[in-house]
Amino acid sequence: QPIPQKSTINGHLTSVINGGMPEHYVRSLSGASTPASSSSPGPVSAEVYFASHVAPKSLPDNAEKIRSFVDRHMHEGRRVVLVTSGGTTVPLETQTVRFIDNFSAGTRGATSAEYFLEEGYAVIFMHRQFSLQPYSRHYSHSRNCFLEFMEADGDGIHVMPAYVDKMRVILEKYRETQKAGTLLTLDFVTVNDYLFLLREAAQIISKMDVHAMYYLAAAVSDFFIPADRMSEHKIQSGDGLLNLTMEQVPKILKPLVNDWTPKAFIISFKLETDEALLPMKSLQALKRYGHQIVIGNILTTRKRVVKLITHDEESEIRLTQEEDEVQHIEIESRIVPELIRRHAEWIEACGTRGECG
Ligand code: 9Z3
């Protein structure tokens, strides 16, 4: 005699004791996945998503900051890049106690932002709250906490002599950036925050006369629980095992490229753990969304090797072992100048696309 279904939280979080199968997919937290029917419905459209979710409260303020930042730097003749960085979360409860996170420390984004700033770009740094940030990243990781670099004596607190030279260089760049006002930082936590903020930024920037670059390094959740199916309160452990039914996050690169900012130069990152999948997945993303570049990387080697895939060619940026382990060269110092070169060519060729002026 099957045990009746014990609990349903808004029809979406179901106890598994009777094997009760939600509408289209059951995926246990252990990672096993079971198609509940042969036809998976696929992601909702971006339009449907935005119509059925609430924008973060900070959106109007952030919109104003983006507008005035881009306007100022456009008039001062700077190129603009929007860098996304860090992972998005998917809350399991409206009053969130638990959430699913995406892997990303924010190293790629924060490091790249520094190189863009050094090359004279105005940078909108859209990052996961508390993830690494340009400049402070050198001293904010648990392994290189700023306290490790300090010493106290009768005169006060100082940077230890061995670290002064390196810190001076970083401090000077940091102050220079502050003085020029070329870095705008905006944060997100959930995938919902991220989607609304990216759309808002893209729509604002596309109305201005700048051929902006988008450098999408954030690790964005692929699955989420729609707001109307989320448990309001903390899910109770007393109800037994927890099964989650999650929907696919809308593929927002499509509207980003086609509708929100059709004249932009867009670079997306593709993260895989299986080398065999990376070339095919990267090319698929490029063809599907029609943007300019996909940068493919593998989780374990992302700091040493990346592949740049465009519609015409595929190239690789790879650090040698000596460059990586002895010289401590950052791969972003090679990626960013290459992209800046391609961005300049793209802007120069705007006439051939009928987009100048
Ligand atoms: C990346 O692939 C980034 O390079 C990393 C950087 C997240 C690996 P860290 O912040 O790591 O330096 O620790 N970002 C894109 C990941 C992503 O979600 N891509 C989507 C996908 O692979 C497409 S937008 O499907």
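**Strands, helices and a ligand shell**

Strand 12 (residues 213-216) and strand 16 run parallel and are joined by four bridges. This is a predicted model, in which local features need pLDDT of at least 70, side-chain atom pairs count only at pLDDT 80 or more, and totals for chains, interfaces and linings use all residues. Residues are numbered from 1 along each chain as its sequence is written.

Q: What stands opposite Leu216 in strand 16?
A: Strands (E, at least two residues) and helices (H or I, at least four) are DSSP runs, numbered from the N terminus. Two strands pair if DSSP finds at least two bridges between them. In this case, Ser268 in strand 16 stands opposite Leu216.

Q: In which order do the eight strands of the open sheet lie?
A: The order is 11-8-5-12-16-17-18-19, and the pairing is mixed. Strand 11 (183-188) and strand 19 (314-318) are the edge strands, each pairing on one side only. From one strand to the next, the twist averages 15 degrees.

Q: Which strands does helix 8 (residues 278-289) lie across?
A: Axes are lines fitted to C-alpha atoms, for helices over the stretch in contact, and angles run from 0 to 180 degrees between N-to-C directions. Two residues are in contact if their C-beta atoms, placed from the backbone, lie within 7 Å. Helix 8 lies across strand 16, strand 17 (293-298) and strand 18 (305-309), and runs at about 150 degrees to strand 16. Helix 6 (residues 191-206) lies across strand 5 (80-85), strand 8 (122-128) and strand 11, at about 145 degrees to strand 11.

Q: At what angle do helix 2 (residues 59-75) and helix 6 pack?
A: The angle is about 35 degrees, and the axes of helix 2 and helix 6 are 10 Å apart. Residues in this contact include Leu59 and Ile66 of helix 2, and Phe196 and Ile204 of helix 6. The contact divides into nine nonpolar, one polar and two charged residues; Ala, Val, Leu, Ile, Met, Phe, Trp, Tyr, Cys and Pro count as nonpolar, Asp, Glu, Lys and Arg as charged, and the others, Gly among them, as polar.

Q: Which residues come nearest to the ligand?
A: A residue is near a molecule if its C-beta atom, placed from the backbone, lies within 6 Å of it. Of the 15 residues around the ligand, Ser104, Thr107, Arg108, Phe269 and Leu271 come nearest. Helix 3 (107-118) and strand 16 (265-272) are the elements that give two or more residues to this shell. Strand 16 gives the largest share, four residues.
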